[in-house]
Amino acid sequence: DSELSTIITGAEMPFSENAVFSSNNRFFVAANTAIYEIIKTGDTYDYEIITDSGDASWLFTGLTAKGDVLYAVCSSTMVINGQPTFITYQLYRIDVSSSEADVASTEFMSHGLFLANGMGVDSEGNVYISNTMTNVGATLTPAIIEPAIVKLEVDYDGTTLTATESTWLATETTGGFPNGIQISSDDVMYLASGTGILEIPILTDGSAGEPSLIYDTNINNVFDDFALTSDSIIVSEVGNPLDTNDEFFSQLVVIDLEGNLIETIEFTEELNLMASHVVVSQGSLFEEDTLIMTDYYGGGVHILTNYK
């Protein structure tokens, strides 16, 4: 039977957002002001800080990996009209191929994204970042904040990191709440946006193909971030954080790549878990068939064993 447990508490790791395996089977989490590595000694899980922003106003809000290189977004915040607003962004490149991480960063984002969050990397090494809070931004400004997804062409010469940005996808094509991004080995992007899961081909010229909706849920809920396997998507579905209704709702939805529902795994309010990102275990750090989950609202790292 499957079993849910917490391996790192929210007090130890608040605002846990994205998580990823590197190709050498190390596991990393973006949370609050740091990038953490989850380690295990005997039967006990612990963590080490790989890099830290060094400033409480700079928060890591996105994380992805290509091979043994991590890419993370660090966003600076200030309060505008009573709302915490992200105003400046840095892209971090973190090489974790050895025990000593090689860290480089550069500022980007002239677009003024409200919240850079979901991230993915294509086969050419380009980084894609979703603007999760476009619909929140629309309540604060006269028009929907653009774009939905930014593309960064990244170059690193061993010393200097540069990122050339462009708009890759407009907000109106995504349902207005782009969040989790995963990109398959053949350069098909899957995007969780609001109530839907979208499939978007990355064309040979690097532009976005026509988005197609492969799965959707009811209007009261939203999809967060997800795991992409060779034949399925395992996505967190939670009650809409913008809804004033305080009713708790949290579950995992498993679909195939054509959008057919395979199963749902519901978390009760007593379990108090609203998964932000779902990752499938690989290597020996976790048991086979384990799902690892972050929880932005509650923090920490949580695992569901024997999920299949």
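Ring pairs link F21, F27, Y45 and F286 into a cluster. In this description, rings of Phe, Tyr and Trp (its six-membered ring) pair if their centres lie within 6.5 Å, and planes under 30 degrees apart count as stacked, over 60 as edge-to-face and the rest as tilted. The model is predicted: local features need pLDDT of at least 70 and side-chain atom pairs count only at pLDDT 80 or more, while totals for chains, interfaces and linings use all residues. Residues are numbered from 1 along each chain as its sequence is written, and side-chain values use heavy atoms, with hydrogens and water left out.

Of its 308 residues, 55% count as buried, where buried means under 20% relative accessible area, exposed over 50% and partly exposed in between (1.4 Å probe, protein chains only). Among contacts between residues at least 6 apart in sequence, 48% join residues at least 24 apart, a contact being heavy atoms within 4.5 Å.

The aromatic pairs number eleven by the rule given above. F15 and Y296 form a tilted pair, 5.3 Å centre to centre with 45° between the planes. F15 lies in the loop between β1 (3–8) and β2, and Y296 in the loop between β23 (291–294) and β24 (301–305), so the pair ties together parts that are 281 residues apart in sequence. F15 is partly exposed, with a relative accessible area of 39%, and Y296 is also partly exposed, at 32%. The rings of F21 and F286 have centres 6.3 Å apart and planes at 85°, so this pair is edge-to-face. F21 lies in strand β2 and F286 in the loop between β22 and β23, so the pair ties together parts that are 265 residues apart in sequence. Both F21 and F286 are buried.

N25 is not a glycine, yet has a positive phi of about 65°. N25 is found in the loop between β2 and β3 (27–31) and is partly exposed, with a relative accessible area of 34%. D289 is likewise a residue other than glycine, with a positive phi near 60°. D289 is found in the loop between β22 and β23 and is partly exposed, at 25% relative accessible area.

Strand β14 (residues 178–183) pairs with β15 in the antiparallel sense over four bridges; two strands pair if DSSP finds at least two bridges between them. Within this pairing, I181 stands opposite L191. The two strands form a hairpin with four residues between them, and D187 in the turn has a positive phi of about 60°. β15 also pairs with strand β16 (residues 196–201), in the antiparallel sense and over six bridges. Here I200 in β16 is the bridge partner of M189. The hairpin of β15 and β16 has two residues between the strands, and G194 takes a positive phi near 60°.

On a 1 Å grid over the protein atoms alone, a pocket is an open set of points where a 1.4 Å probe fits, with protein on both sides within 12 Å along at least five of seven lines, and lining residues have an atom within 4 Å of a point. The largest pocket has a volume of about 870 Å³, with grid points joined across faces, edges and corners and the volume being the space filled by probe spheres set on the points. The pocket is lined by 36 residues, of which A65, Q182, I183, L228 and Q282 lie nearest its centre. The elements giving two or more residues to the lining are β2 (16–21), β6 (58–66), β10 (116–121), β14, β15, β18 (221–228) and β22 (278–280). β6 gives the most, with four residues.
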